[in-house]
Amino acid sequence: MSERRVPCPSCGARIVEGARKCRACKAWLGERHRGSAASLSGREPRLARAAVSVASGVAAVIIATITSLKSPVGEAPPLTALAPEGDASVSVPDDAPNPAAFGPDPVPPPPPPEPKGRWRARDFRIGDVHPLDVVFNPSGASVYVSGDDASLREYTLESGEIIHKASVPAQGDHIRLLFDRYVAVLRHEDAARIPVMDTTAWDRDPVLLDVGRTPGDIVALPDGRTVVAATTDTKRVTKFELPTGVRLANITLPHATGQLFLVQAEGRPYIAALGALTHAGRPAGAWIDLFDPSESPFGATRRSIAVGREPREGDITLDGGAVFFPDRLSNTAILLSVAGVTETRKAPVGVGPTAGFLLHEDRYGITLNADARTASVIDLSTMTVKSTLQLSGVPRTGVTSPDRKTLFVALGGTQWPPSGSGVAVIAGDPPRVVASLPTGKGACAVAVSKDGARAVVASYWDRSITVLEQ
């Protein structure tokens, strides 16, 4: 098939009709006609390129819209920072997860266990008498209550029913349980004798211990039959036998004795008599007198140790080798070692400490600070304050559970009669306030059972007993 040839307009050489360029002179021969078939077929590439451009623009808009939306999954966790190999300057905790390890990450150690159970409070009325003090029956099923009508009563905790009642020569500001059988009734003013009630014979009159004016304290000795009592006005410390009440021996000290402790010194039981002197009605010094109550004459080996100016209610360590108590005038807590060579260690505490207690195998000492409405927690290994606990009221007194893991604090205030109410429960390691429970008005005394399962708070104005149970 032959092609039609025409002369080139520029050089006259024969070229194929419709050619765009002359092969002889290399001249361009001009544009094709718009109506030709070749012109129509050239539109297709341009239309395809336009379509691709439009599609690319639309896709870009869609992608930008999607990526601007907030992910519902949230932020990814940060990557674990890895130290360069051989770089010892970056410390990594021993319990940090290993990025190259297989299996789940190690479980972190659990927090310190919480005290078991939650304390609940209930109360019962004791009639028309104001309670002054309370102690538990050794069985834990009932409590002994001292009333302001000069009576000693026993109430069952299950129903609040009174099951025993006896009259005593004077109302008991405080009562002490001796040998799990006798209850001693202490009247600190306008009294010269301590009535001792035998709880196995409520129909008998109490035995009267002639101790002298203003009885201060009484403590049972390990022999199971003798007790030692102290007074403040007459400054006497006397030894008695129970149940006869016979006076065996006594000694007069140079200062008034308000507290007695049974400690262990030189490998045997000693009496630690904590007392103070006053001058013109102001504190003038305090001492602890140590002596063996079994020696004769009584108090012959006594030695005195100066311990501050205004000591308050204290506690002894589990081994009996040290006494812990606060000094209110100097706002300090004192730990006095008496097992061998006496040693005194002190720590500053909150304002107005009124009582000291020991917790957790004698690792912590706690002072109740009435003026500050706080409790100071002291690390006894370093004698430094570890924490200060805020209380919901003014502390009056407290008692620790037999295992020394819980402290119950009556929040009645320091005035008499007390007007505050409530009880704080301090427990845990380190100690903290784990519960604050309501009581009647005038929370004045607190006691705990031998198994630690129950505690009671006596409320003066409410004339009630609040029972705390788990």
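# Briefing: strands, sheets and salt bridges in a predicted model

Strand 4 and strand 5 (residues 142-147) run antiparallel and are joined by five bridges. Two strands count as paired if DSSP finds at least two bridges between them. The model is predicted, so local features need pLDDT of at least 70 and side-chain atom pairs count only at pLDDT 80 or more, while totals for chains, interfaces and linings use all residues. Residues are numbered from 1 along each chain as its sequence is written, and side-chain values use heavy atoms, with hydrogens and water left out.

**The protein as a whole**

- The protein has two helices and 34 strands; helices (H or I, at least four residues) and strands (E, at least two) are DSSP runs, numbered from the N terminus.
- Of the 470 residues in the protein, 44% are buried; buried means under 20% relative accessible area, exposed means over 50%, and partly exposed lies in between (1.4 Å probe, protein chains only).
- The protein exposes about 25100 Å², and carbon and sulfur atoms supply 53% of it; the areas come from the Shrake-Rupley method with a 1.4 Å probe, and for residues only the protein chains shown count as cover.
- Among contacts between residues at least 6 apart in sequence, 40% join residues at least 24 apart; a contact means heavy atoms within 4.5 Å.

**Two open sheets**

- Strands of a sheet pair through backbone hydrogen bonds, either parallel or antiparallel.
- Pro-131 stands opposite Gly-147 in strand 5.
- Another open sheet of four strands has the order 8-9-10-11, and its pairing is antiparallel.
- Strand 8 (174-178) and strand 11 (207-210) are the edge strands here, and each pairs on one side only.
- The twist in this sheet averages 25° from one strand to the next.
- Strand 10 (residues 193-198) and strand 11 run antiparallel and are joined by four bridges, with Val-196 opposite Val-207 in strand 11.

**Two hairpins that share strand 14**

- Strand 13 (residues 226-231) pairs with strand 14 (residues 236-241) in the antiparallel sense over five bridges, and Thr-226 stands opposite Glu-241 in strand 14.
- These two strands form a hairpin with four residues between them, and Lys-235 in the turn has a positive phi of about 60°.
- Strand 14 also pairs with strand 15 (residues 246-252) in the antiparallel sense, over six bridges.
- Thr-238 has Asn-250 in strand 15 as its bridge partner.
- Strand 14 and strand 15 form a hairpin with four residues between them, where Gly-245 in the turn has a positive phi of about 80°.

**Two residues in strands**

- Val-6 is in strand 1 (residues 5-7) and is partly exposed, at 23% relative accessibility.
- The C-alpha atoms of Val-6 and Val-16 are separated by 6.2 Å, and the two residues are ten apart along the chain.
- Leaving aside neighbours within four places in sequence, Val-6 is in contact with Ala-13, Arg-14, Ile-15 and Glu-17.
- Thr-466 lies in strand 34 (residues 464-469) and is buried, with a relative accessible area of 2%.
- Leaving aside neighbours within four places in sequence, the contacts of Thr-466 include Ala-121, Arg-122, Asp-123, Pro-438 and Val-457.

**Salt bridges**

- The whole structure has 18 salt bridges; a salt bridge is a side-chain nitrogen of Lys or Arg within 4 Å of a carboxyl oxygen of Asp or Glu.
- Asp-362 and Arg-404 meet in a salt bridge (3.0 Å, N to O).
- Asp-362 lies in the loop between strand 24 (353-359) and strand 25 (364-369) and Arg-404 in the loop between strand 28 (397-400) and strand 29 (406-410), so the pair ties together parts that are 42 residues apart in sequence.
- Asp-362 and Arg-404 are both buried.
- Salt bridges that share partners join Glu-266, Arg-268, Asp-292 and Glu-295 into one network.
- Within it, Arg-268 meets Glu-266 (3.6 Å, N to O) and Glu-295 (3.5 Å, N to O).

Conventions. Axes fitted to C-alpha atoms, helices over the stretch in contact; angles between N-to-C directions.
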